[in-house]
Amino acid sequence: MALGAAPEIKPTFDLRLRGEGVYTPARTAASDQTYDFTLGRFRLGLDAVWKHWTLHGMVQAAGAMGLPENGAFAAGPVYLTANDGDTRPSRLGIAELNAVYTNGGFRTVLGRQAFAEGFEAPTGVGHLDAVKQRRLSDRLVGNFEWPNVARRFDGASFGWGAGGAHLAGFVLRPLDGAFDHKDAFEPLDDVSVYGLTLTGEHGAWIPGSEVRVFAVQYEDGRPAARRQAGGDLSLTTAGASFLTGNDTWDLLLWGVVQRGDWGATSQEAWAYLFDIGRRFPGLPGKPSLHLALEQSSGDDLGDDHGTFFNLLPTNHKFYGSMDYFAFSNLRDLYAEALFTVNERLRGRFAVHDFSLTETTDAWYGGSGAFEEESFGYLIRIPPGGRYPSEDMGREADLELTFTLPQGFGLGVGGGYFWGGAAAEAFLPMESDGSWTYVELTWRR
């Protein structure tokens, strides 16, 4: 590695403090439906930058206070179980440590890194890139930033663009994290994910449009996965996306098929997304509206395993901010509005209508593997083993973000979930739930 002159040194820091309060659904009166907890996370990064090379490191300290000892539902019990019953877990660890090489259209990252598939190449159109960040990035493999520890990976990733095409790939192993403080950034030895993406850049292959084709391979031999599937998971997810539009409208199509081995059973699954949006820059608040339908396959009790497996995503972005759902056996019809009150205040409002694809399958929650001990997805099956209805319920979310001076930011928001007939079958005592949060950030 020829580094030549002394590097430019770039320090960064990122502080996040968040309080959450919930009133959760419940199966029985034996658990607490109402609870609150506080999360804190501090990151200190340092980059040494040369012409083509960057050496990057980041240390993270994270802790929680007031986790519920007997929470009924939602994130509280997940945090508590992941930390072996500790209501005040904390951990200091190396979140990122890598070398980055860039030269012309080529870039590679070697070592411990953040990674999200879906945004391999920008379109150069501001509105379309915002759509890619919200609706494509992190859909199958992502950083899962909302939980306190988040997700990071060990391995290598690269991207190379030339002549209107962009090729990207990765070979990664996820680390322990997300809700788990006690073993944060320890390797998950039996989980790996790797893939390739070829992007026809915006306007290069089709006027005003971008086309992506991709394949992701997922391998999981953890005891928790083997208990769930009856053997190792070896799944290939292949698909494509199409994004067209300009600075005032967009149309996004995304679809995948999934094949491989679910333990001793063959996997035959699918998923798709249809999303259309429109900006109104001349109206007060400059709103941006989106309507979409996304659906994944469920298991109909045939010879093959038919439940779409969600891999390692960031589901907080997609299927309701209350995080009751994963993208398995799910149909989600939603509408979203983004608006600007003034130069410092932005808002987001979304409503979702959730249904099961197959009533013979489960209601799934989670965002994939984050520790050795648990599968990474919650599998909710009602008494009798079958749901009486496809109707899971509806959710409304509202989030406001204030940009403050000196790198500070303030976020407030929450949501409400109205359980449908299917949710009531699993949660006979109470199927509705609410959630609020206040978050302070400081980034420099």
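**Figure 1. Glutamate 186 and its salt bridge.** Glutamate 186 is partly exposed, as its relative accessible area is 37%. In this predicted model, glutamate 186 forms a salt bridge with arginine 91, and the closest N and O atoms of the pair are 3.6 Å apart. Glutamate 186 belongs to the loop between β7 and β8, whereas arginine 91 belongs to strand β4 (residues 90–103); the pair therefore ties together parts that are 95 residues apart in sequence. Arginine 91 also counts as partly exposed, with 28% relative accessibility.

Figure 2. Phenylalanine 185 is found in the loop between β7 (165–174) and β8 (191–200). The phi angle of phenylalanine 185 is near 70°, a positive value in a residue other than glycine. Most residues other than glycine have a negative phi. Phenylalanine 185 counts as buried because its relative accessibility is 5%, under the 20% limit for that class. Proline 187 is likewise placed in the loop between β7 and β8, but it is partly exposed, with a relative accessible area of 35%. Leaving out residues up to four places away in sequence, proline 187 touches Pro174, Leu175 and Glu372. Proline 187 and phenylalanine 370 are 183 residues apart in sequence, and their C-alpha atoms are 9.8 Å apart in space.

**Figure 3. Pairing of strands β7, β8 and β9.** Strands β7 and β8 run antiparallel and are joined by eight bridges. One of the residue pairs shown is leucine 167 with leucine 198, its bridge partner in β8. Strand β8 is also joined to strand β9 (residues 209–220), through 10 bridges, and these two strands run antiparallel as well. Here threonine 199 has arginine 212 of β9 as its bridge partner. In a regular strand the side chains alternate between the two faces of the sheet.

Figure 4. Phenylalanine 144 is placed in the loop between α2 (126–135) and β6 (153–162). Its phi is near 50°, which is positive in a residue other than glycine. Phenylalanine 144 counts as buried, with a relative accessibility of 5%. Glutamate 145 forms a salt bridge with arginine 41, in which the closest N and O atoms are 3.1 Å apart. Since arginine 41 lies in strand β2 (residues 34–49) and glutamate 145 in the loop between α2 and β6, the pair ties together parts that are 104 residues apart in sequence. Arginine 41 counts as buried at 4% relative accessibility, whereas glutamate 145 counts as partly exposed at 24%.

Figure 5. The structure holds 30 salt bridges. One of them links arginine 112 with aspartate 154, and the closest N and O atoms of this pair are 2.9 Å apart. Arginine 112 lies in strand β5 (residues 106–113) and aspartate 154 in strand β6, so the pair ties together parts that are 42 residues apart in sequence. Arginine 112 is buried, with a relative accessible area of 17%, and aspartate 154 is partly exposed, with a relative accessible area of 25%.

**Figure 6. The nonpolar cores.** The largest nonpolar core has 74 residues, and those with the most contacts inside it are Trp254, Phe309, Phe325 and Trp363. Strand β11 (residues 249–262) provides the largest share of this core, namely four residues. A second, separate core has six residues, among them Met58, Ala95, Leu175 and Ala184.

**Figure 7. The surroundings of phenylalanine 309.** Phenylalanine 309 is one of the residues with the most contacts inside the largest nonpolar core. When neighbours within four places in sequence are left aside, phenylalanine 309 is in contact with Tyr218, Leu233, Leu235, Gln258, Trp262, Gln267, Ser328, Phe375 and Tyr377.

How values were computed
Residues numbered from 1 in each chain as written. Predicted model: local features only at pLDDT ≥ 70, side-chain atom pairs only at ≥ 80, totals over all residues. Heavy atoms only, no water. Buried < 20%, exposed > 50% of the residue type's maximum accessible area, 1.4 Å probe, protein only. Pairing = 2+ DSSP bridges. Core = buried A, V, L, I, M, F, W, Y, C linked by side-chain atoms within 4.5 Å. Contact = heavy atoms within 4.5 Å. Salt bridge = Lys/Arg side-chain N within 4 Å of Asp/Glu carboxyl O.
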